[in-house]
Amino acid sequence: MHNIEQLKALLSEPKKVVITTHPKPDADALGSSLALFLYLKKKNHVVHVIVPTDYPSFLNWMHEQKSVSVFDNQKSKSIIENADFVFCLDFSSLSRINDDGLGDMIAKSSAQKVLIDHHLEPENFATYELWDSSASSTAELIYDFICLMGEKSLIDVPIGECIYAGIMTDTGSFRFRSTTAKVHLAIAELLTIGVDNAKIHRLIYDNNSESKLRFLGYSLQEKLKVLHDFKVAYFTINSNELNRFNSQNGDTEGLVNYALSLQNIEMAVIMIEREGLVKLSFRSSGDFSVNSFARKHFSGGGHKNAAGGKSELNLKETENKFLEILQHYKQDLNN
């Protein structure tokens, strides 16, 4: 991070701080936000966590999650306008959080912006950046940030549990290539101070509703499509199906990974119809960049092997568009 000493000096006295992250926060986004919140509160800053949308109920165990507020144009405006700092976590562009105007509001704020993120191609909007696309997660970077501030000793069990949850989920329970020796060393430090890894795994992965499991079974049985010639598998989920299974935030999370787990599949996709848009999640193995694919065709981006996108076409039209585009990638996927 450039100018860390300058930032450290500015944060040596209490400031008004806002922390925000991307819509539908996952364990990395929320864990990073709450770990930073808990750390800054220890430093006597006045801190608000404002998220664009709500988040899955299986993250409600996180420390101070009740302090998180969902963006409200009127209530959030005065908080952001009066902030000295805005920390932007786990997203690389303000357009990512601008569906309800939050991105514009932050852009117009006189607060100094701090970006902490690991996605590709960050937008140049922050005064301070801790950005590393090779990092396993934003939670890993929050751990690094606290260490860079010279205050590793302030990481206690509540902070450590939030960091652990973010790293664990974004590394696929430590099986992705981003799980470096550095990650394991950080995790070892968290376990040393008393973080209960088994408890966190249980709270996140073994905390399913009956409707979520029935939705998973339905999706695998009825909705999975496999294109063996392209080494591609995908799901399309419409709003009626979400309603049928009373789908909540987080219920579709991880479904795309089942498609990627099939033998000889190089790319997996899930297309979900919600809120007048089709949201897409892309996963790949090997050298095929779904980040490039999503950026070029679906106004998205992310990481080389995990990215998101969106389509303003309806679900069937989006599926047809995807299948048409796929014709141009057959050789790449088979290589």
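**View 1. Phe322 is buried, with a relative accessible area of 0%.** Here buried means under 20% relative accessible area, exposed over 50%, and partly exposed in between, computed with a 1.4 Å probe on protein chains only. Phe293 is also buried, at a relative accessible area of 1%. Both belong to a cluster that ring pairs build from Tyr234, Phe282, Phe288, Phe293, Phe298, Phe322 and Tyr329. Rings of Phe, Tyr and Trp (its six-membered ring) count as paired if their centres lie within 6.5 Å; planes under 30 degrees apart are stacked, over 60 edge-to-face, and the rest tilted. This is a predicted model, in which local features need pLDDT of at least 70 and side-chain atom pairs count only at pLDDT 80 or more, while totals for chains, interfaces and linings use all residues. Residues are numbered from 1 along each chain as its sequence is written, and side-chain values use heavy atoms, with hydrogens and water left out.

**View 2. Ile19, Phe87 and Phe145 touch the most other members of the largest nonpolar core, which has 53 residues.** Helix α2 (residues 27-42) supplies the largest share of this core, nine residues. Phe145 touches Met1, Leu7, Leu11, Leu36, Tyr39, Phe87, Ile116 and Leu130, when residues up to four places away in sequence are not counted. A second, separate core has 21 residues, including Met267, Met271, Ala294 and Phe322. A nonpolar core is a set of buried Ala, Val, Leu, Ile, Met, Phe, Trp, Tyr and Cys residues joined through side-chain atoms within 4.5 Å; contact means heavy atoms within 4.5 Å. Helices (H or I, at least four residues) and strands (E, at least two) are DSSP runs, numbered from the N terminus.

**View 3. The whole structure holds 14 aromatic pairs.** One of them joins Tyr39 and Phe145 edge-to-face, at 6.4 Å centre to centre and 90° between the planes. Tyr39 lies in helix α2 and Phe145 in helix α5 (residues 138-148), so this pair ties together parts that are 106 residues apart in sequence. Both Tyr39 and Phe145 are buried. Phe293 and Phe322 also pair edge-to-face, with 6.2 Å between centres and 80° between planes. This pair links distant parts of the chain, 29 residues apart: Phe293 is in helix α12 (residues 290-297) and Phe322 in helix α13 (residues 315-326).

**View 4. The charged end of Arg244 sits over the ring of Tyr218, 4.8 Å from its centre.** Lys330 lies over the face of Phe230, at 5.4 Å from the ring centre. A charge sits over a ring if NZ of Lys or CZ of Arg is within 6 Å of the ring centre and within 35 degrees of the ring normal.

**View 5. Strand β1 (residues 16-20) pairs in the parallel sense with strand β2 (residues 46-51) over five bridges.** Two strands pair if DSSP finds at least two bridges between them. β1 is mostly covered, with four of its five residues buried. β2 also runs parallel to strand β3 (residues 68-70), joined by three bridges, and Val49 has Val68 as its bridge partner in β3. β1, α2 and β2 make a right-handed β-α-β unit. A crossover is right-handed if, with the strands pointing away from the viewer, the path from the first strand over the helix to the second runs clockwise.

**View 6. Six strands form an open sheet in the order β7-β8-β9-β10-β12-β11, with mixed pairing.** β7 (225-227) and β11 (301-302) stand at the edges, each with a single partner strand, so one side of each has no neighbour in the sheet. Strand β9 (residues 267-274) and strand β10 (residues 277-284) run antiparallel and are joined by eight bridges. Ile270 has Ser281 as its bridge partner in β10.

**View 7. Ala181 lies in helix α7 (residues 181-192).** Ala181 counts as exposed, at 59% relative accessibility.
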